Amino acid sequence: MMEEQHSHRHSAAHLKSISNRLAKIIGHLESVKKMVENDKDCSEILIQLAAVKGAVNNTANAILKEHLSHCFIHALEDGNRQMIEDLQKAIDMFIK
């Protein structure tokens, strides 16, 4: 886990939304794990993994949108070059 390097706060609604998304992803992935353990059809497993991948990407998109609309704007206003560089690194790592 990355250590938090900033002092901004996200709304409780945003945090709850992201937490709910992650809980659903975890549940879905647990179901896929059970499919593998029960030797289910590979095509079905791949379809479910594609759904998990899509959900992870959608969650990352929601986080990025929030970051750009709030945190990134404040970083620009404050001249916080480090936050801008950190965002660039995070995006690069995510899209690999």
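Visitor: At what angle do helix α1 and helix α2 pack?

Guide: Helix α1 covers residues 12-37 and helix α2 covers residues 42-78; helices here are DSSP runs (H or I, at least four residues), numbered from the N terminus. Their axes, lines fitted to C-alpha atoms over the stretch in contact, lie 10 Å apart. Angles run from 0 to 180 degrees between N-to-C directions, and for this pair the angle is about 165°.

Visitor: And where do the model and its numbering come from?

Guide: This is a predicted model, where local features need pLDDT of at least 70 and side-chain atom pairs count only at pLDDT 80 or more, while totals for chains, interfaces and linings use all residues. Residues are numbered from 1 along each chain as its sequence is written, and side-chain values use heavy atoms, with hydrogens and water left out.

Visitor: Are α1 and α2 roughly parallel or roughly antiparallel?

Guide: Angles under 35 degrees count as roughly parallel, over 145 as roughly antiparallel, 65 to 115 as roughly perpendicular and the rest as oblique. The angle of α1 and α2 is about 165°. The two helices are therefore roughly antiparallel.

Visitor: Which residues form the largest nonpolar core?

Guide: A nonpolar core is a set of buried Ala, Val, Leu, Ile, Met, Phe, Trp, Tyr and Cys residues joined through side-chain atoms within 4.5 Å; buried means under 20% relative accessible area, exposed over 50%, partly exposed in between (1.4 Å probe, protein chains only). The largest one has six residues: Cys-71, Phe-72, Ala-75, Met-83, Ile-84 and Leu-87.

Visitor: Which elements give two or more residues to this core?

Guide: The core in question is the largest nonpolar one, with six residues. Its contributors of two or more residues are α2 and α3 (81-95).

Visitor: Is His-67 buried or exposed?

Guide: His-67 sits in helix α2. Setting aside neighbours within four places in sequence, His-67 is in contact (heavy atoms within 4.5 Å) with Phe-72, Met-83 and Leu-87. Its relative accessible area is 16%, so His-67 is buried.

Visitor: What about His-14, buried or exposed?

Guide: This one lies in helix α1. Beyond neighbours within four places in sequence, His-14 is in contact with Ala-62, Ile-63 and Glu-66. At a relative accessible area of 14%, His-14 is buried.

Visitor: Last one: what is the phi of Asp-39?

Guide: Asp-39 is in the loop between α1 and α2, and at 67% relative accessibility it counts as exposed. Although Asp-39 is not a glycine, its phi is positive, at about 55°.
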